[in-house]
Amino acid sequence: MEDCIFCKIINQEIPSYKVYEDEKVYAFLDITQVTKGHTLVIPKKHVSDIFEYDEQLATDLFTRIPKIARALETAFPEMEGLNIVNNNKEVAYQTVFHSHVHLIPRYSKKDDFSLHFGKHMEDYTQEQMQAIANQIQKQVKSNE
Ligand code: AMP
Ligand code: ZN
């Protein structure tokens, strides 16, 4: 896609620090290096976000991730964990609209990375929780 920075990286029109490539997927260092080895994994096919994946593209992308995760683990034995993050749309902090998955190695809880999971269980009754689950379940089935 024209004017997409990640398509340009795939096509070698702009440089990147490549860590992996095959016919479907490209992986390279995120320029910000939130932690050492912070890597982006992207499909070569341009899709904006997770909502545009079909099953084949999801298979192509997500089957490569454990392999790259293990490569990070063996490359950096001091690594103690890994966050896998995929932002979709602006409200969810997406800034580059070619879908990508962040692999963020963790070396300590004091790394310059954080995720806040607010706790709101008290806002919902059991019935409301069940209604929410039903609402989603119905859509998963009808989208099949
Ligand atoms: P997100 O905020 O999830 O859309 O993440 C986009 C990521 O792309 C950010 O972490 C940026 O640091 C990264 N990024 C943007 N441009 C480049 C580039 N030319 N090379 C490597 N990483 C980039
Ligand atoms: Zn693109």
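**Helices, cores and salt bridges**

Q: Where is Met129 found?
A: Met129 sits in helix H4, which covers residues 126-142. Helices here are DSSP runs of H or I with at least four residues, strands are runs of E with at least two, and both are numbered from the N terminus.

Q: Before we go on, what kind of model is this?
A: This is a predicted model, in which local features need pLDDT of at least 70 and side-chain atom pairs count only at pLDDT 80 or more, while totals for chains, interfaces and linings use all residues. Residues are numbered from 1 along each chain as its sequence is written, chains are lettered from A and ligands numbered from 1 in the order in which they are written, and side-chain values use heavy atoms, with hydrogens and water left out.

Q: Back to Met129, what does it count as?
A: Met129 counts as partly exposed because its relative accessibility is 48%; buried means under 20% relative accessible area, exposed means over 50%, and partly exposed lies in between, using a 1.4 Å probe and protein chains only.

Q: Now the inside: which residues have the most contacts in the largest nonpolar core?
A: They are Val41, Tyr53, Leu61, Ile65, Ile68, Val101 and Leu103, in a core of 15 residues. The elements giving two or more residues to this core are S2, H2, H3 and S5, and H3 gives the most, with 4 residues. A nonpolar core is a set of buried Ala, Val, Leu, Ile, Met, Phe, Trp, Tyr and Cys residues joined through side-chain atoms within 4.5 Å.

Q: Which residues of H3 are buried?
A: The buried residues of H3 are Ile65, Ile68, Ala69 and Leu72. They lie on the same side of H3 because they cover an arc of only 105 degrees around the axis, the arc being that of the directions from the helix axis to the C-beta atoms. The face turned away from this buried side carries the exposed residues Arg70 and Thr74.

Q: And what do the buried residues of H3 pack against?
A: They pack against strand S1 (18-21), S2, S3, H2, strand S4 (81-85) and S5.

Q: What about H2, which residues are buried there?
A: In H2, residues 55-62, the buried ones are Leu57, Asp60 and Leu61. Their arc around the axis is only 90 degrees, so they are on the same side of H2. Their cover includes strand S2 (25-29), strand S3 (39-43), helix H3 (65-75) and strand S5 (101-106).

Q: Is His38 buried or exposed?
A: His38 is buried, because its relative accessible area is 1%, and His38 is found in the loop between S2 and S3. Not counting residues up to four places away in sequence, His38 touches several residues, including Phe28, His102 and Leu103, where contact means heavy atoms within 4.5 Å.

Q: Switching to charges, how many salt bridges are there?
A: A search of the whole structure finds 8, a salt bridge being a side-chain nitrogen of Lys or Arg within 4 Å of a carboxyl oxygen of Asp or Glu. One of them joins Lys44 and Glu21, whose closest N and O atoms are 2.7 Å apart. This pair links distant parts of the chain, since Lys44 is in the loop between S3 and H2 and Glu21 is in strand S1, 23 residues apart.

Q: Which residue pairs with Asp49 in a salt bridge?
A: Asp49 pairs with Lys89, at 2.8 Å from N to O. Asp49 lies in the loop between S3 and H2 and Lys89 in the loop between S4 and S5, so the pair ties together parts that are 40 residues apart in sequence. Asp49 counts as buried at 2% relative accessibility, whereas Lys89 is partly exposed at 42%.

Q: And what about Asp111 and Arg106?
A: Asp111 and Arg106 also form a salt bridge, with their closest N and O atoms 2.9 Å apart, and both residues are buried.
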